Amino acid sequence: MVPRPLFRASSAVRHVRRHRQPVQIRFTSTLPSKDVPKDASGQTPARQQSWLTQKVKSNPVLYTIFLGLARALGYGSPQQLANRRALHLYNHLCAKRADEEPDFWKNECALPPTFQSWFTITNFHVWLLTVRLRSLPSPHGTQHIQGLIDHFFQDVEERLRYVLQPGVLPPRSPSQSSPNSRGNSTPLPQVRADNASYISPYLPSQFYTPPSTVPPPDTFPSPAAYAKAQKRGRVPERVIVRQMKILKEQWVGLGMSMDLGLVRGDTELAAAVWRNLLGARGAAGIGLPNEKGIKADETRPAFRRSVNLVGGAVDRVDKLDIDAEEMTDDQSGVHDFPPQESDRYISYPELMSALVTYIRRETQRLEAVADSSIFGPRTVGREGEGIKMLRWGSLRQ
């Protein structure tokens, strides 16, 4: 097995971007409007090229200079092509995976519909895709993996700000098919139709519900009241930085434990699935309900959760009361089942087996896919082609 290379966890983690107020730049929507005339076939006509584009294309000297300048700036370079391909791989193989089979994650795995659950599922599929990308010949493997990780953490930071700093960034729009996909259509993010000040390249998710934004300013009695409501509804920047570091640790931890499971066997892999995807429920024992007047075991409280003692919010492990911390509800929704629901543990062995089977099946399937299909056409404007054949299979087959 190829050892897992050490990649940067994106500049979004090392230097978290500062989004104070939205930049006051207006973008015109590229979505077809109801007022745009259509041709005889009912299709919206192609947008007319600007005078500058026509001028450059009509003059061979200018066209040669333009291409040379573009190459000097890295446009069309192998690294940029890999990064653009990684955007499509991330959007359609990782970021939307939680939305494709939500019942499995929410009901069978008992993951609450939160941003943290979305991150866990997406992180799992980023790792699963990384396993295949490692086998690409150098330097393509390194370039694609770095691009995938960069897109992952940039998307994570944006979503984190949607949750903890509502209103700083505009909400994302539904997706639309790419005009460059040529038959193998894969949806791409739409541009917001209301001239938003920021357009995200990443897809929205219906797996969790982000908090509502602050009401419009005209609903407040004064500008000062509106500013106060904005400030009260958003966490400080240091909380964003701290949370990004915690998520980076979760990314590293899941990758290392899953890699170890791939090498050591299905038993180790099932243990990694239990810890990372199922919340390590029942680690301190399973609480049972009262039966025939027998008093329940008070040493096993009805509420208990697993606590990460490495990094994150834990600064001094020696001063932490682990028992008290495990019995504190952190509002994450991931904790041991109460005694009256203890029968849910019965399905855990089969559930872990299903996820291990899914991992083995998908890694073998991607192993049989040619490297050229992973790369794609490696042509600017065609980076989304061939994504459909790489889509994950069902979690249960």
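**Close-up 1. Ser 205 counts as buried, with a relative accessibility of 11%.** The cut-off for a buried residue is under 20% relative accessible area. The model shown here and in the other views is predicted. Ser 205 lies in the loop that runs between strand S2 (187–189) and helix H9 (223–232). Its side chain makes a polar contact of 2.8 Å with the side chain of Asp 99. The side chain of Ser 205 also reaches a backbone atom, the nitrogen of Phe 207, at 3.1 Å.

**Close-up 2. Helix H4 (residues 78–95) has a kink centred on Leu 89.** The kink in H4 is about 25 degrees. From first C-alpha to last, the 18 residues of H4 reach 24 Å, close to the 26 Å expected at 1.5 Å a residue. Of these 18 residues, 13 are buried, so H4 is largely enclosed by the rest of the structure.

**Close-up 3. Helix H7 (residues 115–133) is largely enclosed by the rest of the structure, because 18 of its 19 residues are buried.** The first and last C-alpha atoms of H7 are 26 Å apart. This span is close to the 27 Å expected at 1.5 Å a residue.

**Close-up 4. A nonpolar patch on the surface is formed by Val 61, Leu 62 and Ile 65.** Together the three residues have about 270 Å² of accessible area. Ile 65 belongs to helix H3 (residues 60–72). With a relative accessibility of 53%, Ile 65 counts as exposed, the cut-off for which is over 50%.

Note on methods
Residues numbered from 1 in each chain as written. Predicted model: local features only at pLDDT ≥ 70, side-chain atom pairs only at ≥ 80, totals over all residues. Heavy atoms only, no water. Patch = residues over 30% accessible without salt bridge, like charges linked within 9 Å, V, L, I, M, F, W, Y side chains within 5 Å. Areas by Shrake-Rupley, 256 points an atom, 1.4 Å probe, with all protein chains shown as cover. Salt bridge = Lys/Arg side-chain N within 4 Å of Asp/Glu carboxyl O. Helix = DSSP H or I, 4+ residues; strand = E, 2+ residues; numbered from the N terminus. Buried < 20%, exposed > 50% of the residue type's maximum accessible area, 1.4 Å probe, protein only. Expected span 1.5 Å × (residues − 1). Bend = angle between axes of the 7 residues up to and from the residue. Polar contact = N/O pair within 3.5 Å; in protein donor to acceptor, adjacent residues only side chain to side chain.
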